[in-house]
Structure formats: C-alpha cells, structure tokens
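Reader: Could you walk me through this one, feature by feature? I'd like the general idea each time, then the case at hand.

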Amino acid sequence: MISPDKRAWVRAAACRDTDPEDWFPLQGERNVPRWLRDLCGGCPVRRDCLEEALDHHDTGIWGGLNPQQRNRLRRGRTRYGYCIHCGALYQQPKKTRATCSEECRRARHAELKRARREQARQQDEDL
Ligand code: SF4
Ligand SMILES: [Zn+2]
C-alpha cells in the first residue's frame with residue numbers, strides 16, 4: 001500500500017509486496033479484511049505506519065485500521081492496542097488490557113511462568 005519513499009520503516013513493511021489496491025477499499029467497504037488485519041498484526045513497523053497515517057492520511061488502511069477507525073482513534077473515542085502475545089490489533093476496553101483475548105492472556109501468563117521457572121532453575125545451577 002505504501003509507495004516507496006525515503007522513510008526507513010517502509011522497507012520493513014509486511015505489505016510491501018502486496019497490491020496497493022487492496023489497501024484502498026472502495027467507498028462503503030468499511031470492514032478491513034481479515035488477511036489485511038493479520039498482515040498488519042504481524043508487521044514489524046505497524047506503529048510507525050499507524051502514527052504516520054494518523055498525521056497524514058485520510059484514506060486507505062494503515063496499521064490495520066480503516067479511515068473511520070483512525071478518526072475515532074484521533075478523537076480519543078476508541079483505544080487500540082497490539083496484543084503483547086499474538087501481536088493482533090484489537091480494540092481495548094477502558095480498563096487497559098495488554099492482550100486481545102482470554103486465550104492470549106492465558107498463553108502469556110503460562111509463558112511468563114515458564115520463563116520464571118527457567119530463570120529460577122538457572123540461578124540454582126549457578127549456585
Ligand atoms: S502495518 Fe499494515 S499497512 Fe502498515 S506497513 Fe505494516 S502491513 Fe503495511
Ligand atoms: Zn492476542
């Protein structure tokens with residue numbers, strides 16, 4: 001979707017080899033297709049992309065959000081976040097949650113537990 005230009009982050013964009021037309025849905029098509037959302041969710045530069053779009057772009061899908069969603073974000077009516085477990089972009093409820101779903105929350109919790117156990121084991125070995 002992004003025309004090649006000087007910005008360094010563009011080179012790392014997950015969408016750089018896709019058809020730009022996919023990122024500019026026709027008027028009236030508001031739903032961001034699942035595959036675009038997934039691509040943005042796993043994109044290493046999604047934050048740069050979304051920040052750029054919030055400042056400069058009123059059309060197209062950027063950072064996984066369509067223009068209407070970006071407008072809501074600009075007006076502070078909606079909060080979006082990136083899941084710290086799977087990386088998906090999701091609408092955050094008022095009370096900040098770091099993961100997009102209960103499933104990711106549990107997976108993240110289990111991951112942290114495993115990491116702590118591993119750390120403790122390492123420390124035991126070092127003694
Ligand atoms: S966040 Fe989405 S639109 Fe932005 S650069 Fe990455 S893949 Fe492309
Ligand atoms: Zn998730």
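Reader: How much of the protein chain is buried, out of its 127 residues?

Author: A residue is buried if 20 or more other C-beta atoms lie within 10 Å of its own, exposed if 12 or fewer, and partly exposed in between, with C-beta atoms placed from the backbone. Here buried residues make up 17% of the 127 residues in the protein chain. Bear in mind that this is a predicted model, where local features need pLDDT of at least 70 and side-chain atom pairs count only at pLDDT 80 or more, while totals for chains, interfaces and linings use all residues. As for labels, residues are numbered from 1 along each chain as its sequence is written, with chains lettered from A and ligands numbered from 1 in the order in which they are written.

Reader: What secondary structure does the protein chain have?

Author: Helices (H or I, at least four residues) and strands (E, at least two) are DSSP runs, numbered from the N terminus. The protein chain has four helices and two strands, and from the N terminus on its elements run α-α-α-β-β-α. Its radius of gyration is 18 Å, well over the 14 Å that the globule rule gives for 127 residues, so the chain is more spread out than a compact globule. That radius is taken over C-alpha atoms, and the rule is 2.2 Å times the number of residues to the power 0.38. Along the principal axes, the C-alpha atoms fill a box of roughly 60 × 35 × 25 Å.

Reader: Which residues of the largest nonpolar core touch the most other members?

Author: Think of a nonpolar core as a set of buried Ala, Val, Leu, Ile, Met, Phe, Trp, Tyr and Cys residues joined through C-beta atoms within 7 Å. The largest one has 13 residues, and Ala-13, Cys-43, Cys-49, Leu-50 and Trp-62 touch the most other members. Helix H2 (residues 46–56) gives this core its largest share, three residues.

Reader: And which residues come nearest to ligand 1?

Author: A residue counts as near if its C-beta atom, placed from the backbone, lies within 6 Å of the molecule or strand in question. Around ligand 1 there are 13 residues, with Ala-13, Cys-15, Cys-40, Cys-43 and Cys-49 coming nearest. Helix H1 (34–41) and H2 each supply at least two residues of that shell. By type, the shell divides into 10 nonpolar, two polar and one charged; Ala, Val, Leu, Ile, Met, Phe, Trp, Tyr, Cys and Pro count as nonpolar, Asp, Glu, Lys and Arg as charged, and the others, Gly among them, as polar.

Reader: In which sense do strands E1 and E2 pair?

Author: Two strands pair if DSSP finds at least two bridges between them. E1 (residues 79–82) and E2 (residues 89–92) pair in the antiparallel sense over four bridges. Tyr-82 stands opposite Leu-89, and Tyr-80 faces Gln-91. The hairpin has six residues between the strands, and Gly-87 takes a positive phi near 85 degrees.

Reader: What does His-85 touch?

Author: Two residues are in contact if their C-beta atoms, placed from the backbone, lie within 7 Å. His-85, in the loop between E1 and E2, touches Thr-99, Cys-104, Ala-107 and Arg-108, not counting residues up to four places away in sequence. It is partly exposed because it has 18 other C-beta atoms within 10 Å.
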